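User: Please take a close look at one part of this model and describe its surroundings in a connected account.
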Amino acid sequence: MELYLNKIPNTFGIEVTAARFLEYDSEEALCEMIAAGRITVPYLHIGCGSNLLFTTDYEGTVLHSHIHSIEVTAEDEENVWVRVGAGVVWDDFVAYCVDHCWYGAENLSLIPGEVGASAVQNIGAYGVEVKDLITSVETIHVEGEKRVFSVAECGYAYRKSIFKQPEMKDLFVTYVNFRLGKKEHYMLDYGTIREELAKYPQVDLRTLRRVIIDIRQSKLPDPEKLGNAGSFFMNPIVPRMQFEALQRMFPTMPYYDVDAGHVKIPAGWMIEQCGWKGKALGPAAVHEKQALVLVNLGGAKGTNIVALSDAVRTSVRERFGIEIYPEVNFIGN
């Protein structure tokens with residue numbers, strides 16, 4: 001399907017258009033578009049726009065996958081291997097896993113976006129990252145060549161992958177392959193998960209998914225009601241020596257051990273300490289319940305969100321000596 005001057009979907013609710021908007025429902029359809037020369041420069045492949053901030057209209061081609069298949073490719077007594085189309089809504093896939101009693105994805109419930117974008121972004125929440133579930137990522141190059149990346153080749157780290165590098169933008173993710181567990185196991189030692197689970201008579205996949213959703217909804221605004229992209233900033237990882245110096249100055253500073261030499265500090269806590277929680281800058285604001293989230297109060301442009309982001313980053317840098325970086329990708333011509 002091809003549309004011109006079409007609105008680009010994005011969870012920030014910002015009014016932006018693309019000169020050309022292309023959707024495809026199979027690898028063959030994508031290859032036909034490539035062969036016909038319909039993908040003009042510049043081009044951008046998106047999911048549902050859940051991790052994007054457009055600062056201008058896009059004067060090129062925006063592509064979107066409608067590959068919605070979920071296929072079991074192998075299984076044994078302990079695991080199941082699943083091939084999932086890039087256009088499947090991520091939370092629909094998590095719900096599918098829970099319905100089939102496949103373990104591993106439940107802590108990633110209600111994260112916005114689609115499966116293809118999950119592999120690009122290496123989404124994570126409550127002690128789980130999607131890289132822990134991925135076995136390989138299937139792609140098609142803008143010139144039509146297919147390539148499959150093993151999980152080791154994807155270069156995964158905290159909110160990073162090889163696919164986020166500028167030179168990899170010519171690759172379009174078509175399928176993501178996952179391995180899920182068939183035997184009961186859970187990741188519960190993160191945040192308030194155990195505390196919330198104590199309200200239920202037993203722990204099972206459906207209950208844990210419900211708890212994760214409840215926790216997220218208590219902190220994060222619904223993009224349908226208040227434009228946002230979820231967590232806007234990445235939590236910084238700093239050398240342990242730097243953290244220990246800060247901890248002497250801020251004894252209540254929360255943290256998570258990464259390894260012997262590094263500590264992760266919640267960016268939301270630092271932003272809140274700088275007085276930004278619930279504060280607006282024009283039509284953009286820091287969410288009143290979760291300082292890690294920037295929101296569109298109505299009518300905001302991408303430049304308004306950027307201005308707020310810059311102001312927040314400056315405050316954190318000046319008070320804590322730490323640079324925080326956006327998790328959201330800025331898109332402008």
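Where is proline 42 found?

Analyst: Proline 42 is found in the loop between H1 and E3; helices (H or I, at least four residues) and strands (E, at least two) are DSSP runs, numbered from the N terminus. This is a predicted model in which local features need pLDDT of at least 70 and side-chain atom pairs pLDDT 80 or more, while totals for chains, interfaces and linings use all residues. Residues are numbered from 1 along each chain as its sequence is written, and side-chain values use heavy atoms, without hydrogens and water.

The bond that joins valine 41 to proline 42 is a cis peptide bond, with omega at about -5°. Most residues other than glycine have a negative phi, and most peptide bonds are trans.

The chain is divided into domain 1 (18-65), domain 2 (70-218) and domain 3 (228-331), with bounds from an automatic or database domain assignment. The C-alpha centres of domain 1 and domain 2 are 24 Å apart. Contact (heavy atoms within 4.5 Å) involves 15 residues of domain 1 and 20 residues of domain 2. Together the two domains bury about 1,300 Å², of which 63% is on carbon and sulfur atoms; this is the accessible area (1.4 Å probe) lost on putting the two parts together, summed over both. Of the area that domain 1 buries against domain 2, Glu27, Ile34 and Tyr43 supply 40%, more than any other three residues.

One salt bridge is found across the interface of domain 1 and domain 2, the term meaning a side-chain nitrogen of Lys or Arg within 4 Å of a carboxyl oxygen of Asp or Glu. Glutamate 27 forms a salt bridge with lysine 146, their closest N and O atoms being 3.5 Å apart. The pair links distant parts of the chain, since glutamate 27 belongs to helix H1 and lysine 146 to strand E11 (residues 146-150), 119 residues apart.

On the side of domain 1 that touches domain 2, two or more residues each come from helix H1 (27-35), strand E3 (43-46) and strand E5 (58-65). H1 gives the largest share of that side, four residues. By class, the residues of this side are eight nonpolar, six polar and one charged, where Ala, Val, Leu, Ile, Met, Phe, Trp, Tyr, Cys and Pro count as nonpolar, Asp, Glu, Lys and Arg as charged, and the others, Gly among them, as polar.

As for the record, an unreviewed UniProt entry lists residues 14-183 as "domain: FAD-binding PCMH-type"; such positions follow the numbering used here, feature names are shortened, and annotations may be inferred rather than shown by experiment. Over residues 14-183 the chain is 15% helix and 38% strand, and the end C-alpha atoms lie 43 Å apart. The unreviewed entry also lists Arg159, Ser231 and Glu327 under "active site". These residues are spread over 169 residues of sequence but cluster in space, with a largest C-alpha distance of 11.3 Å. Of these, serine 231 lies in strand E13 (residues 227-231).
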